[in-house]
Amino acid sequence: SAFDLTPFYEAEVMHYGEDAYGDDPTVSDPAPGGYYSPQIFVEQTPGLALSYRIGERQFLEIEAGPSFQYQEDSESSGFEFGAKAWLSYVLFLGDSFYWSLEPRFTRFGDVYTRGEVMTSLTFKF
């Protein structure tokens, strides 16, 4: 069939040696314009993935789910609830040539939100 609906489970554990969190470029200590780098971050995301083939040359996939998180940084620690969502669109331009577009959204509780969009042209040989 053109549609596939499947459950998924994703687990992630991160550790940074230095907590460089910060988003105010006017602050000199800690380093200005840092990034979310908790000393410990554990995330578990159960969710659903929907795949859809559009004709012979297009493919769409969406994954989304709530995230259960624990984070510990220099200012606080605790459990948070967040979410993840990802969309992938692929257009086959030839047998070995395709274009993809992938927007992503991640929410780490009340601590951090990230949105990003990636696009690429790929030739496989």
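Student: Okay, what kind of sheet do the six strands form, and in what order?

Tutor: They form an open sheet, and the order is β1-β2-β3-β4-β5-β6. The pairing is antiparallel. Keep in mind that this is a predicted model.

Student: Which strands stand at the edges?

Tutor: β1 (3-14) and β6 (112-123). Each has a single partner strand, so one side of each is left without a neighbour in the sheet.

Student: And what does the twist average from one strand to the next?

Tutor: The average is 15°.

Student: How many bridges join β1 to β2?

Tutor: Twelve, with the two strands running antiparallel. For a landmark on that pair, look at Thr6, which sits opposite Ala49 in β2.

Student: What about β2 to β3, how many bridges there?

Tutor: Twelve bridges join β2 to β3, again antiparallel. Their hairpin has three residues between the strands, and Gly55 in that hairpin takes a positive phi near 65°.

Student: Switching topic: where is Glu43?

Tutor: Glu43 belongs to strand β2 (residues 40-54). Across in β3, the residue opposite Glu43 is Gln69.

Student: Is Glu43 buried or exposed?

Tutor: Buried. Its relative accessibility is 1%, and the cut-off for buried is under 20%.

Student: Which side chain does the Glu43 side chain make a polar contact with?

Tutor: That of Ser67, at 3.1 Å.

Student: And which residues is Glu43 in contact with, leaving aside neighbours within four places in sequence?

Tutor: From the β1 stretch (3-14), you get Glu10, Ala11 and Glu12. Ser67, Phe68 and Gln69 are also on the list, along with Lys84 and Phe108.

Student: Which lining residues are closest to its centre?

Tutor: Of the 13 residues lining the largest pocket, those are Glu10, Lys84, Ala85, Trp86 and Arg104.

Conventions
Residues are numbered from 1 along each chain as its sequence is written. This is a predicted model: local features need pLDDT of at least 70, side-chain atom pairs count only at pLDDT 80 or more; totals for chains, interfaces and linings use all residues. Side-chain values use heavy atoms; hydrogens and water are left out. Two strands pair if DSSP finds at least two bridges between them. Helices (H or I, at least four residues) and strands (E, at least two) are DSSP runs, numbered from the N terminus. Axes are lines fitted to C-alpha atoms, for helices over the stretch in contact, and angles run from 0 to 180 degrees between N-to-C directions. Buried means under 20% relative accessible area, exposed over 50%, partly exposed in between (1.4 Å probe, protein chains only). A polar contact is a pair of N or O atoms within 3.5 Å; within protein, one must be able to donate a hydrogen and the other to accept it, and residues adjacent in sequence count only if both atoms are side-chain atoms. Contact means heavy atoms within 4.5 Å. On a 1 Å grid over the protein atoms alone, a cavity is a set of points where a 1.4 Å probe fits but cannot get out, and a pocket is an open set with protein on both sides within 12 Å along at least five of seven lines; lining residues have an atom within 4 Å of a point.
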